[in-house]
Amino acid sequence: MNKRVFSGVRPTARQHIGNYLGAMQNYVALQEEYDCIYCVVDIHALTTMQDTSELQNNIREVVLDWLASGIDPQRSILFVQSHVPEVMELHTLLSMVTPLGWLLRVPTFKEKAKLQPENVNYGLVGYPVLMTADIILYKATVVPIGDDQLPHLELAREIVRRFNNLFGKTFPEPGAKLTSYPRIVGLDGKDKMGKSTNNAIEIAFTPEETLERIMTAVTDPARRYRNDPGHPEICNIYSLHNYFSPSQTEDIADQCRSAKIGCVDCKKLLAQHINSSLQPVRERRAQLATKSHLVADVLADGAQRAQVIARQTLTEVKEKMGLI
Ligand code: SF4
């Protein structure tokens with residue numbers, strides 16, 4: 001049996017090229033080596049989301065992005081977190097062995113509490129416990145993460161060690177599969193690319209929408225006029241050329257520095273390359289979207305397969321804890 005991978009994505013929006021270059025291409029590649037479980041973590045989303053009117057739609061959009069990018073629902077398990085409610089039961093049981101002090105120290109809890117002082121809910125502080133339950137309910141041992149997420153995984157490992165010490169060896173300690181996710185800066189040139197900051201290029205955009213959005217991008221702020229020499233190394237458009245125009249980057253950099261190319265043409269070139277690179281994914285996505293039951297069927301099948309594993313684990317946990 002292959003090692004098992006677990007990874008979750010919050011259904012806050014359709015996926016963008018930052019997600020595509022980072023997590024999604026990695027998800028596809030991991031299928032070659034591991035048994036993969038990919039989860040749309042809708043309960044996690046509730047810790048920061050109060051308006052849930054778009055939640056179901058967002059789940060569908062994320063899954064369409066996954067399928068179009070090459071995640072294979074026959075090989076991997078794709079499901080929605082809340083469709084396997086055993087995870088919430090395990091979360092409650094793990095919360096009995098997790099000292100509150102461990103959770104209050106988590107840097108992302110402090111950040112989120114500052115960001116939404118009007119909604120510092122219980123779920124926010126318990127987030128790492130639910131994340132641990134997500135992973136260990138399936139006894140996954142491989143968690144693909146960037147190094148910024150290592151503290152979360154270390155906390156999950158501490159919870160596992162504590163549980164195993166108290167009740168006997170039950171869970172394997174999950175390990176990180178460190179992935180150097182490129183940090184894709186948004187088109188505003190400031191924040192990480194993301195839907196909430198309105199600085200993203202969504203995978204599902206049309207070529208026209210892609211061009212339109214790229215035209216709004218901030219470039220080298222020192223290049224005010226067409227004849228000013230540019231500084232590609234500080235330009236966000238140039239950093240995207242690195243991914244989508246790899247064979248032309250030197251040439252673009254030279255032309256930018258010598259003002260032989262203007263930003264408008266440079267952006268048009270980038271749009272062309274992004275559009276041609278994403279064309280197969282977009283075509284597949286459009287085709288999949290016409291099958292009205294597809295996403296629901298994939299998720300129902302995934303939940304059923306996930307639940308088989310989840311129930312076995314939960315029974316074992318309850319026995320160890322003296323609940324059965
Ligand atoms: S020409 Fe291209 S790389 Fe140079 S500043 Fe303009 S957009 Fe950036």
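This is a predicted model: local features need pLDDT of at least 70, side-chain atom pairs count only at pLDDT 80 or more; totals for chains, interfaces and linings use all residues.
E316 pairs with K139 in a salt bridge, and their closest N and O atoms are 2.6 Å apart. K139 is partly exposed too, with a relative accessible area of 26%. This pair links distant parts of the chain. K139 lies in the loop between α7 (122-136) and β4 (142-145), while E316 belongs to helix α13 (residues 294-320). The two residues are 177 residues apart.

Side chains of opposite charge can pair when their charged atoms come close. In total, 15 salt bridges were counted. R161 takes part in two of the pairs described here. One partner is E154, with the closest N and O atoms 3.0 Å apart. The other partner is E173, where the corresponding distance is 2.9 Å. R161 sits in helix α8 and E173 in the loop between α8 and β5 (175-178), so this bridge ties together parts that are 12 residues apart in sequence. R161 is partly exposed, at 31% relative accessible area. E154 is partly exposed at 34%, and E173 is partly exposed at 32%.

Salt bridges also form a network. Its members are R14, E61, D65, E202 and R285.

The ligand sits in the largest cavity. Around the ligand lie T219, D220, R223, C235, I237, Y238, C256, C263 and C266. Two elements, α10 (236-244) and α12 (263-289), each give two or more residues to this shell. By residue class, the shell divides into six nonpolar, one polar and two charged. The cysteines C235, C256, C263 and C266 are among the residues around the ligand.

Helices α6 (107-115) and α8 (150-167) are the elements that give two or more residues to the lining. The largest share, five residues, comes from α8. Helix α8 also holds R161, the partner of E173. The lining of the second largest pocket divides into five nonpolar, three polar and five charged residues.

Notes: Residues are numbered from 1 along each chain as its sequence is written. Side-chain values use heavy atoms; hydrogens and water are left out. Helices (H or I, at least four residues) and strands (E, at least two) are DSSP runs, numbered from the N terminus. Ala, Val, Leu, Ile, Met, Phe, Trp, Tyr, Cys and Pro count as nonpolar, Asp, Glu, Lys and Arg as charged, and the others, Gly among them, as polar. A residue is near a molecule or strand if one of its heavy atoms lies within 4 Å of it. On a 1 Å grid over the protein atoms alone, a cavity is a set of points where a 1.4 Å probe fits but cannot get out, and a pocket is an open set with protein on both sides within 12 Å along at least five of seven lines; lining residues have an atom within 4 Å of a point. A molecule sits in a cavity or pocket if more than half of its atoms lie within 2 Å of its grid points. A salt bridge is a side-chain nitrogen of Lys or Arg within 4 Å of a carboxyl oxygen of Asp or Glu. Buried means under 20% relative accessible area, exposed over 50%, partly exposed in between (1.4 Å probe, protein chains only).
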